[in-house]
Amino acid sequence: MSDFLVECSNLTKTYTSLPALNNFSIKLPAGKIIGLLGTNGSGKTTLIKILAGILKSSSGKVFIDGKPIGVETKSIVSYLPEQTYFSSWMHVNDCIDYFSDFYADFDKQRAIEMLKALGVPTDAKLKTLSKGTKEKVQLVMVMSRRAKLYLLDEPIAGVDPAAREYILNTILTNYSPESSVIISTHLIYDIERVIDEFIFINQGQIVMYNTSDNVRNQMGKSIDELFREVFRCYPNY
Amino acid sequence: MLSKLLKYDFKALKRILVPVLLCVLGMALIGSISLTVSLRVNSENFILVNMISSLITSFMVLGIIASFMVIGVVILFNFYKSFVSNEAYLTFTLPVSIKDHMLSKMISGYVWMILSAVVIGISGFLIAFVGTAESGLFNADAFFAMIDAISYYFGDWTFKYTVALIQIILMVLIYPMTVLLQYYTAIIIGGVVAKKNKLLAAIGFVFLFNFVVGFVYQIVELIAFASLDLFTETDILGAMLSRMQIIFTVLIILFLALAAGYYFFSKHLLENKLNLE
């Protein structure tokens, strides 16, 4: 068994001719909350989709918990996409039953408690809920699993600040030494306090992989400040 | 996991198809009643009633025919939603093999197709034998006339007929699965190939597949009947039957081969080319 939870070696994904990931190699440990940070089109979502098993890489290798992407890794990976994926005719209760049926690690009681805390009625039809509330339902389902790897693609972008706070606390309290969380987001300031490590990614390649403590203690900066420095946009005159 | 997938696929289809099939039965009932009225109120004083009831019957029959298309679209759209739309993000992150995903969609779609065909058959029976009853509730005369006609044509039942009957039953059972897989494959290709407008691409591939497969069927028919000369043949019925048997055999093999080809090609695409961009 590998010491690392996620191992990517020379991972490349090209759409038409442009590489979304370009020889991307990284080894990520268990027990960490990792921020995947980059500008638009930098390859964050592509990497997450490959890890979730819904996108095939053009070349390179990926292992999660020592296994190649497949049915086995899907049973230990909990993925939150940007898209809302439940059918609109389903009730919130149906979503709970669905996850209970397919995921052995799903904690039904935890899901009900989280929904209650977020003020989402379990008997509501998804069609009647706002986009933000649907996203909350989806996030609750994903975070109620006892997975080894959580892949969260923009988990807080569409929810209100109060729910954002609750979600970040949930991610923190979900901590287990066996599992890691990879969060992709633009809202660096919001997630800064929860992440242990971060990856700066640009044009499908790693720009920086470091710990939050190193940045704060050695560089004397916040990750948000460092991000703005590294990815500064210069006006064209 | 297959049983769990089946549970949700049946549930998703049941939600729409049960009301559709109930509508079909309702239309058959209304059509039967209006046909009975038009047959029984056969007087010059009731021309308007007669016209309206005939019109209602026609609409109901058209409605029943259209519902078969609606059922097909519902089954295919359910497949499209699960495998190509946003719902695919849920479908393909489940810890389930592609084989189980495919089997679940094949079984649920097939069962609903057969069930729908049975309901539509019952509806046709209702209109044909209840709607045409000029007295009482059932047109026994028409029913027994049909039995007599069958006995007349197939009275001297031979082995040839048994083989043909088995072939027809096999074709009726295999063909819906082949068609279902043909459409599923077209949708998957559309989903893999197109960056945007995946639904449009899927519809395009459905037409392309229909054209190619239809062309192959035509060639099979042409070859089978090429040697049949209606002017010189003495036993036309026998000659037709033997050629039909050749066609049936070729078609059964073709349907099975196509179904297997569609299944393995779809599985290959989903396992190796899945791109939820």
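User: Domain bounds come from an automatic or database domain assignment. Into which domains is chain B divided?

Analyst: This is a predicted model: local features need pLDDT of at least 70, side-chain atom pairs count only at pLDDT 80 or more, and totals for chains, interfaces and linings use all residues. Residues are numbered from 1 along each chain as its sequence is written, while chains are lettered from A and ligands numbered from 1 in the order in which they are written. Chain B is divided into domain 1 (1-154) and domain 2 (156-277).

User: How many residues does the contact take from domain 1 and from domain 2 of chain B?

Analyst: The C-alpha centres of domain 1 and domain 2 of chain B are 23 Å apart. Two residues are in contact if their C-beta atoms, placed from the backbone, lie within 7 Å. The contact takes 18 residues from domain 1 of chain B and, from domain 2 of chain B, 21 residues.

User: Which helix gives the largest share of the side of domain 1 of chain B that touches domain 2 of chain B?

Analyst: Helices (H or I, at least four residues) and strands (E, at least two) are DSSP runs, numbered from the N terminus. Helix 2 (47-83), helix 3 and helix 4 (98-130) of chain B each give two or more residues to this side of domain 1. The largest share, nine residues, comes from helix 4 of chain B.

User: How do the residues on that side of domain 1 of chain B divide into nonpolar, polar and charged?

Analyst: Ala, Val, Leu, Ile, Met, Phe, Trp, Tyr, Cys and Pro count as nonpolar, Asp, Glu, Lys and Arg as charged, and the others, Gly among them, as polar. On the side of domain 1 of chain B that touches domain 2 of chain B, the division is 15 nonpolar, one polar and two charged.

User: Are helix 2 and helix 4 of chain B roughly parallel or antiparallel to each other?

Analyst: Axes are lines fitted to C-alpha atoms, for helices over the stretch in contact, and angles run from 0 to 180 degrees between N-to-C directions. Helix 2 and helix 4 of chain B pack at about 175°, with axes 11 Å apart. Angles under 35 degrees count as roughly parallel, over 145 as roughly antiparallel, 65 to 115 as roughly perpendicular and the rest as oblique. Helix 2 and helix 4 of chain B are therefore roughly antiparallel.

User: What order do the strands of the open sheet of chain A have?

Analyst: Two strands pair if DSSP finds at least two bridges between them. Strand 3 (residues 33-38) and strand 9 (residues 197-202) of chain A run parallel, joined by five bridges. Strand 6 (77-80) and strand 10 (205-211) of chain A each have a single partner, so they stand at the edges. The open sheet of six strands in chain A has mixed pairing and the order 6-7-8-3-9-10.

User: Is B:Tyr262 buried or exposed?

Analyst: B:Tyr262 is placed in helix 8 (residues 236-272) of chain B. A residue is buried if 20 or more other C-beta atoms, placed from the backbone, lie within 10 Å of its own, exposed if 12 or fewer, and partly exposed in between. With 24 other C-beta atoms within 10 Å, B:Tyr262 is buried.

User: How many residues does the contact take from chain B and from chain A?

Analyst: On the side of chain B that touches chain A, helix 1 (2-40) and helix 3 (88-91) of chain B each give two or more residues. Three residues, the largest share of that side, come from helix 1 of chain B. The contact takes 18 residues from chain B and, from chain A, 20 residues.
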